[in-house]
Structure formats: C-alpha cells, structure tokens
Amino acid sequence: MFQEYDVIVAGGGHAGCEAAVAASNMGSKVLLITMNMQTIASMSCNPAMGGIAKGQIVREIDAMGGYSGIVSDESLIQFRMLNRSKGPAMWSPRTQNDRVLFAIKWREKLEATPNLDMWQDMVTSINVSRGTITGVRTQLGIDFRAKAVVLTSGTFMNGKIHIGSKNFGGGRMGEKGATGITEQLINLGFDSDRLKTGTPPRVDGRSLDYSQFELQDGDEDIVGFSFTDSDKPKKQIPCHIAYTNPEVHDILRTGFDDSPMFAGRIEGTGPRYCPSIEDKIDRFAERDRHQLFIEPEGWNTVEIYLNGFSTSLAEDIQHKAMTKIPGFEHVKMFRPGYAIEYDYFPPTQLQYNLETKLVKNLFFAGQINGTTGYEEAACQGLMAGINAHQNVKGLKSFTLGRDEAYIGVLIDDLINKGTDEPYRMFTSRAEFRTLLRQDNADLRLTEISNTLGLASNERLTKVHNKQKDLNAVKKSFEDTRVVPSEVNDYLESIGSSPLKEHYTLKKLLCRPEISLDNLVEGSEAARNIAQSVSRETLEQVSIQFKYENYIYKEKELANKAKQLEDLVIPDAFDFDKLTSLSTESRNKFNLIRPRTLGQASRISGVNPTDIQILMVYMGR
C-alpha cells in the first residue's frame with residue numbers, strides 16, 4: 001500500500017494541485033497528501049481567478065498544460081477582460097467563480113490524472129539522508145518514501161487566526177494548522193519568518209438591498225482563460241459595487257483598541273496591495289469612502305463575499321459597521337472576517353527551479369515562498385512539479401526567463417530580491433510586458449511545454465493552426481489595397497482623415513484612431529477576410545500590427561539582456577577574493593549564489609559598478 005513514489009506533494013491547495021498534475025502528466029508516480037480531501041483546491045479567500053497581471057499568469061499556466069485556466073472557465077459565474085481601455089499589454093482576464101464548483105472541477109481533474117494517488121493526512125516532518133530528501137512522515141506515523149518532495153503549505157504552517165482580542169490556531173477558519181515542519185527546517189539551517197493575510201466577512205445576500213448598489217455586469221463575450229475549447233456558461237451573474245462612508249469608518253475605529261494589528265498581537269507583515277479595511281482608514285485618513293465589491297459565491301447559494309472589507313476586528317464591530325453601508329442596513333453575517341498569520345521561508349533560499357539550496361530534491365511552492373494569490377501559487381506549483389519530475393528522471397531543470405513569461409518574472413523576483421511582505425504580481429513588474437501579453441501565451445509557451453512532455457500534441461496542433469491563420473491574415477492585410485472612394489465617407493464619419501491614394505489594410509489599421517471593428521465595418525475587403533477567421537486571430541493581427549515597433553524594441557532589449565544571461569558564473573566562484581566589490585554586493589552574492597551575470601545584476605542592492613567588476617574579472 002505505501003509504495004515508494006517519484007514525487008510527493010504535501011498540500012492540496014492551488015500550488016499543490018498544479019504540482020501534482022504536472023509531475024504526473026509528465027510520467028512521474030505522484031502522491032498528493034492533503035489534510036482534508038474535502039477542501040482540495042479551496043478558494044480560501046475571494047471566489048475569483050485572474051485580474052491585473054494575474055490573468056496573464058493563468059493563461060500561461062494553461063498554455064503550459066496546467067489546469068487552473070480550464071477549471072476557472074468551467075466554474076465561472078462572470079467573466080471580464082480588465083483594462084480594455086488601455087493597451088493590450090495591460091489587458092487582463094478575470095473570472096468570478098462558483099467556489100464549490102471550482103473545487104469539484106479540480107477534484108475531478110486530479111482523479112482523472114494517471115499516476116496520481118491521494119492520501120488524507122498531515123505531513124509532520126520530512127525525511128532527509130545525507131542532504132537529500134527521501135520522503136515524508138505523517139501524523140499517522142507513516143513514512144512515505146519519495147525521490148522528490150514539493151512542500152505547498154499555504155497559510156497552514158503554524159497558522160494562527162485573529163478576530164478582535166481572540167486568537168487560535170488554524171490554517172483557515174474551521175481547519176487546524178500544520179505543525180512540526182517549520183522547526184525541523186530551521187534545524188536543517190533554513191531561515192523562517194511570519195506573514196499575515198486576511199479575509200472579509202461573508203454575508204447573506206437575501207439581507208441586502210441591491211437597489212442601492214451599482215451594477216457590474218460581465219462581458220458579453222466570454223473569452224475565458226483556456227486556449228482549449230473549455231466549457232463556459234451561457235449566462236452570468238452580476239456583481240455590484242458599494243461604498244463605505246465616514247460613519248462606517250467611525251464605528252470601525254472604536255474597535256482599534258482591540259485590533260490585533262494595532263495592539264501588536266500580529267507579528268507577520270500583511271499584503272501592501274490588499275490592506276484590511278482598518279488599515280485603509282488608518283493609512284488613508286483623508287478619504288471619506290472606500291470601494292467595496294459585492295461578489296456572489298456561486299450559482300446556488302446566497303452567500304456573498306464582501307471584497308474590500310478584509311478585517312480582523314471583533315465580530316460585533318464588523319457587523320455594526322456594515323449596517324451603516326447603504327444597502328446593508330439589515331445585513332446578516334454568515335461568518336466574520338479574520339486575519340491569519342503563518343510561517344514562510346524567504347525564497348532567496350531557493351534555486352531557479354524552486355529546489356531548496358540546502359536539501360536536494362526538496363521543493364517549495366506557493367505561500368511558503370512569501371507570495372499571495374491563487375495564481376502566483378499555482379504557477380509556482382506548476383514549475384515545482386515540472387522540476388521535481390525532471391530531477392527524478394535525471395533531466396535538465398526547466399526555467400522561464402523574464403522575457404518569456406510572467407511566471408519567469410515572478411520566480412526571478414523571488415529568488416533574487418526575496419520578499420519581506422506577501423508578493424503580488426503586477427504588470428509593472430515585467431519590463432517586457434508588451435511581449436508577455438495574455439493573448440499570446442499559447443504562442444510563447446505551448447511548444448516549449450510540449451517538448452517537455454507536458455502540453456499535449458492536440459494543444460500544439462491548435463497553436464500551429466493559429467500561427468498559420470495569423471500568417472495568412474497578416475499577409476492578406478499587407479497585400480490588400482483599399483481604394484479611397486470605397487472608404488473615405490466612412491473615414492470622415494469617424495473623424496479619420498480621408499485617403500488620397502491607395503492604402504493597404506495594414507497601413508489603414510495602424511492609424512491610432514481606427515480600431516479593428518472600424519476597419520471591418522468600413523472596408524468590404526477587411527470584412528471578407530474577417531469572415532474566414534476567428535475573432536481571436538483578428539485581434540492578434542491587429543495587436544501585432546499596431547504595436548509592431550514597440551514589440552520590436554522590446555525584443556531587442558530582451559536579446560541584449562540575454563547576453564548577460566549567457567555569462568555563467570561557476571558554482572564554486574569565490575566572491576570574497578574580489579576585494580573591489582562593495583561589502584553589500586559581496587554579501588548578497590554569497591547568500592544568493594547567482595548563476596549568471598544577468599541574475600547577479602537583478603539582485604536588490606547590487607550596483608552596476610559591481611557587475612562591471614564581475615564582468616571584467618570573468619573576461620580575464
């Protein structure tokens with residue numbers, strides 16, 4: 001019964017699920033150990049996937065053959081493409097999801113995956129021999145043997161929940177925390193610290209007056225995340241927007257004396273970009289209102305997630321303050337918001353493949369590395385699962401560069417800069433974001449993943465067909481000329497200068513004021529081309545034409561950056577002998593052990609002069 005596995009994944013959250021299916025689908029024999037099989041892939045906080053930059057990550061996971069995108073599409077209750085008013089590098093898909101259905105769909109995917117076993121238990125320690133992982137021990141006293149282990153502990157490792165003056169152990173409300181592993185890892189030489197996150201109260205939607213809220217419908221066209229033909233609903237559920245006010249803030253302030261955050265009972269650092277409501281009214285005292293999103297939890301429930309009202313204040317203060325929000329006068333609360341603090345391990349202790357530097361074949365993924373968000377966790381799980389398999393089979397580690405994927409940006413940031421607060425991805429973190437758009441994730445990553453043995457041949461064929469269509473449409477737009485008399489009346493009607501000579505469709509489309517829809521509406525030739533291909537292909541052509549110069553410049557910058565990545569620093573390089581290096585840089589180099597000059601240049605606190613010194617020395 002308790003056979004030896006290639007890979008053991010400890011933790012059944014978003015990181016754990018992606019790690020397990022990635023390693024299994026690549027051919028490893030995998031065991032997923034979770035404390036509760038009824039809460040696999042639980043959406044512990046908001047019932048949503050994607051958003052700014054996070055949506056790009058989900059599409060990248062999908063392009064690589066992961067399941068987060070498909071599961072999100074199959075369980076969505078609303079879809080929106082955010083930032084449509086901005087350039088395509090900023091477009092970010094987001095779904096509102098049915099919380100229960102999301103977990104059910106993930107469970108179905110896991111159970112349908114070959115080579116994957118599951119076991120309900122708590123991992124209490126890892127087994128290490130001569131610096132190499134050999135398996136894990138569980139609360140039941142069972143020793144499971146494995147050649148690689150992926151730890152995805154989420155918020156469970158020594159988790160502590162805070163509500164007002166009350167606090168108690170737990171990984172999330174109603175579930176106990178995980179104990180034992182932190183202390184063992186510290187004994188092995190790892191550094192550990194504490195982080196904090198929070199969640200808002202859940203309320204009864206029947207007790208709200210929706211006439212006092214702003215309506216927020218989903219997009220008419222449900223694009224979704226997956227590049228496969230995933231199932232999507234025919235209808236959507238609207239969300240709503242409400243606002244706090246000075247009276248709400250005044251009531252919340254009455255609970256500050258008992259607040260675990262202000263009283264110092266919480267040791268961990270909270271997320272900068274998702275602060276609690278008490279933190280917001282304290283830090284932004286000049287603002288008399290804050291936006292709240294009223295998000296349904298699913299198709300068949302009245303439970304509502306009050307996004308923007310994360311709090312750890314006493315439950316009576318939470319309820320009293322909510323009753324002063326217009327539309328919430330008679331609100332009934334299902335459960336209060338709370339804060340949770342937990343252990344994490346600064347990610348500078350990892351290699352690029354997410355394997356720990358201290359223990360061979362031990363991998364960390366998700367919130368154990370200091371990140372926040374399902375999407376950031378899932379992509380780490382995917383990469384850890386891939387590399388656990390690669391290590392076990394004696395194959396080369398797989399990494400993604402900053403110019404290849406947001407996943408590469410995230411891991412590079414964690415490894416080189418570390419984090420002392422919950423890390424969240426933004427488009428501004430990616431210097432090559434014009435290359436890393438959500439619409440081209442399949443073109444960027446599917447072929448690479450297929451070579452690894454993860455993305456299926458069917459996915460690869462779909463990408464090849466897409467590229468073939470793109471090339472054909474681009475050529476048609478470049479070759480087809482428009483006669484001025486055919487389009488001038490329409491151009492004048494939309495405020496665009498009339499043509500004085502024949503124009504190609506490409507040249508006409510590249511006018512800033514002309515959109516793809518304008519071109520198709522105003523030109524019969526463009527209309528004829530559009531009828532033969534998908535909307536997705538047309539949008540891809542439009543983006544590539546309109547942003548051609550920006551894309552070219554970013555590719556040039558990426559190629560220059562790669563020159564530093566090609567300069568490999570030997571593993572045994574002695575930084576201490578370079579006395580001309582600054583003390584800070586020398587300490588950082590010894591701590592992180594960068595493998596290339598490119599990586600060394602991105603370490604926080606390292607100045608360009610020290611990179612030049614390294615470059616000159618290596619040139620000699």
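## Stop 1: a helix pair

This is a predicted model. Select helix H2 (residues 54-63) and helix H3 (residues 68-75): the two pack at an angle of about 115°, with their axes 7 Å apart. The range 65 to 115 degrees counts as roughly perpendicular, so H2 and H3 are roughly perpendicular to each other.

Now show side chains at the contact. H2 contributes Val-58, Ile-61 and Asp-62. H3 contributes Ser-68, Gly-69 and Ile-70. Color by class: the contact of H2 with H3 has 3 nonpolar, 2 polar and 1 charged residues.

## Stop 2

Is H2 enclosed or open? Of its 10 residues, 10 are buried, so H2 is largely enclosed by the rest of the structure. Buried here means under 20% relative accessible area. Click along the helix. The buried residues include Lys-54, Arg-59, Glu-60 and Asp-62. Gly-55, Gln-56, Ile-57, Val-58, Ile-61 and Ala-63 are also among the buried residues of H2.

Step just past the end of H2. Gly-65 takes a positive phi of about 100° there.

## Stop 3: the sheet

Select strands S3, S5 and S4. These 3 strands form an open sheet in the order S3-S5-S4, and the pairing is antiparallel. Which strands lie at the edges? Strand S3 (48-50) and strand S4 (76-82) do, each pairing on one side only. Look along the sheet for its twist, which averages 15° from one strand to the next.

Zoom in on S4 and strand S5 (residues 92-97). The two run antiparallel and are joined by 6 bridges.

## Stop 4

Jump to helix H6 (residues 246-253) and helix H8 (residues 315-322). How do the axes of H6 and H8 cross? They come within 8 Å and cross at roughly 170°. Angles over 145 degrees count as roughly antiparallel, so H6 and H8 are roughly antiparallel to each other.

Show the side chains again. On H6, select Val-248, Ile-251 and Leu-252. On H8, select Ile-317, Lys-320 and Ala-321.

Note on methods:
Residues are numbered from 1 along each chain as its sequence is written. This is a predicted model: local features need pLDDT of at least 70, side-chain atom pairs count only at pLDDT 80 or more; totals for chains, interfaces and linings use all residues. Side-chain values use heavy atoms; hydrogens and water are left out. Axes are lines fitted to C-alpha atoms, for helices over the stretch in contact, and angles run from 0 to 180 degrees between N-to-C directions. Helices (H or I, at least four residues) and strands (E, at least two) are DSSP runs, numbered from the N terminus. Angles under 35 degrees count as roughly parallel, over 145 as roughly antiparallel, 65 to 115 as roughly perpendicular and the rest as oblique. Contact means heavy atoms within 4.5 Å. Two strands pair if DSSP finds at least two bridges between them. Ala, Val, Leu, Ile, Met, Phe, Trp, Tyr, Cys and Pro count as nonpolar, Asp, Glu, Lys and Arg as charged, and the others, Gly among them, as polar. Buried means under 20% relative accessible area, exposed over 50%, partly exposed in between (1.4 Å probe, protein chains only).
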